[in-house]
Amino acid sequence: MSGGHAEVPVAARVRQLEERLISAGLITDAELDEILTQVYDSASPVNGARMVVRAWTDPAYHDRLLADANAAAAELGFGPGTRGYLLKAVENTPGVHNVIVCTLCSCYPTSLLGPSPSWYKSFAYRSRVVREPREVLAEFGLELPEDTEIRVWDANSETRYLVLPQRPPGTDDKDEEALVSLVTRNGLIGTATC
Amino acid sequence: MARFTPGARVRARAADPDGHTRLPRYARGHVGEVVEVLATWSLPDATVRGVTQPEPVYTVRFSAAELWGSGSHAVLLDMWESYLEEV
């Protein structure tokens with residue numbers, strides 16, 4: 001795991017919890033390591049991008065993604081990382097732009113978007129994006145038309161959100177891999193168009 | 001059985017609970033509209049005390065004007081049934 005967290009007070013609590021779980025026979029040290037390695041080694045915004053591109057290119061997958069994003073993730077092999085929460089895809093359209101936040105902590109679909117950026121966890125982003133999203137998005141370089149409706153999704157329960165960006169114009173001739181490279185982590189959070 | 005259905009107007013409880021909750025302060029006392037009945041999950045306020053209390057969870061849409069007195073955007077929050085009252 002990342003080295004900078006070893007000294008923070010919560011790290012000691014996590015270690016104690018791990019020891020209790022292991023001594024109770026609920027899990028072994030090796031199993032814990034395996035799960036963490038699996039989640040963090042494969043966590044990447046490329047996973048979310050693959051779901052987005054499939055939705056752009058396959059109308060039936062698009063509908064399945066909006067109806068049941070957990071099943072749609074599993075279809076592309078991302079089932080293990082998205083177990084344990086309800087995944088919802090929210091779709092950008094010409095009149096609607098979505099953006100996600102967790103105002104209470106930093107909930108986020110890590111396996112599909114990669115480890116969350118530090119600004120996502122910052123008090124400034126979490127407190128401001130629910131109040132003045134248009135200004136916050138402009139600071140990310142995303143200027144939305146005045147008549148675009150902004151929807152801010154606060155992941156305060158067992159739900160994790162993923163934004164389905166609009167397919168950029170002029171990309172009809174691009175193949176799947178080229179399209180995947182267009183989709184960014186910020187696009188999946190909603191702080192970029194794509 | 002879910003007490004509220006999509007389209008229902010609901011008010012987020014204004015009370016400040018003693019312990020843990022996942023009802024954000026900024027929504028308390030404000031009126032929104034139920035968009036969807038999401039699932040049935042245990043109320044975190046109870047879970048944290050070691051009690052499992054499953055109840056419906058709703059996505060509720062609040063207008064920025066309602067929450068902040070200005071703005072044209074919408075904020076969508078997931079609300080356990082105990083967090084809501086009828087308007």
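Predicted model: local features only at pLDDT ≥ 70, side-chain atom pairs only at ≥ 80, totals over all residues.
What covers the buried residues of helix α3 of chain A includes α4 (59–67), α5 (69–75), α6 (110–113), β4, α10 (176–180) and α11 (185–189) of chain A.

- Helix α3(A) covers residues 45–57, and its 13 residues reach 18 Å from the first C-alpha to the last, close to the 18 Å expected at 1.5 Å a residue.
- Because 11 of its 13 residues are buried, α3(A) is largely enclosed by the rest of the structure.
- Among the buried residues of α3(A) are Pro45(A), Asn47(A), Gly48(A), Arg50(A), Arg54(A) and Trp56(A).
- Helix α2(A), residues 29–42, has 14 residues and spans 20 Å between its first and last C-alpha, close to the 20 Å expected at 1.5 Å a residue.
- Is α2(A) largely enclosed or largely in the open? The number of buried residues among its 14 is zero, so α2(A) lies largely in the open.

**Domains of chain A**

- Chain A is divided into domain 1 (3–41) and domain 2 (43–189).
- The C-alpha centres of these two domains of chain A lie 29 Å apart.

**Strands of chain A**

- Strand β4(A), residues 159–164, has six of its six residues buried, so β4(A) is largely enclosed by the rest of the structure.
- Thr159(A), Tyr161(A) and Val163(A) point one way from β4(A), while Arg160(A), Leu162(A) and Leu164(A) point the other way, and all are buried.
- Strand β1(A), residues 86–91, runs parallel to β4(A) and is joined to it by six bridges.
- Along this pairing, Leu86(A) stands opposite Thr159(A) of β4(A).
- Strand β2(A), residues 96–101, is largely enclosed by the rest of the structure, because five of its six residues are buried.
- β2(A) pairs with β3(A) in the parallel sense over six bridges, and Ile100(A) has Trp153(A) in β3(A) as its bridge partner.

**Where the two chains meet**

**The nonpolar core**

- The largest nonpolar core has 59 residues, and those with the most contacts inside it are Val152(A), Val75(B) and Met79(B).
- Not counting residues up to four places away in sequence, Val75(B) touches Val130(A), Val152(A) and Asp154(A) in chain A, along with Phe62(B), Ala64(B) and Leu67(B) in chain B.

**Three residues of chain B**

- Thr21(B) lies in the loop between β1 (9–12) and β2 of chain B, and it is buried, with 21 other C-beta atoms within 10 Å.
- Leaving aside neighbours within four places in sequence, Thr21(B) is in contact with Pro44(B) and Asp45(B).
- Thr21(B) and Val31(B) are 10 residues apart along the chain, and their C-alpha atoms are separated by 19 Å.
- Glu55(B) belongs to strand β3(B), residues 54–63, and is partly exposed, with 15 other C-beta atoms within 10 Å.
- The C-alpha atoms of Glu55(B) and Trp41(B) are separated by 5.6 Å, although the two residues are 14 residues apart along the chain.
- Not counting residues up to four places away in sequence, Glu55(B) touches Thr40(B), Leu43(B), Trp80(B), Glu81(B) and Ser82(B).
- Ser82(B) is found in the loop between β4 and β5 (84–86) of chain B, and is partly exposed, with 16 other C-beta atoms within 10 Å.
- Ser82(B) is in contact with Leu43(B) and Glu55(B), leaving aside neighbours within four places in sequence.
- Ser82(B) and Thr21(B) are 61 residues apart in sequence and 11 Å apart in space, C-alpha to C-alpha.

Definitions and conventions
Residues numbered from 1 in each chain as written. Chains lettered and ligands numbered in written order. Buried ≥ 20, exposed ≤ 12 C-beta atoms within 10 Å, placed from the backbone. Helix = DSSP H or I, 4+ residues; strand = E, 2+ residues; numbered from the N terminus. Pairing = 2+ DSSP bridges. Expected span 1.5 Å × (residues − 1). Contact = placed C-beta atoms within 7 Å. Core = buried A, V, L, I, M, F, W, Y, C linked by C-beta atoms within 7 Å. Domains from an automatic or database assignment.
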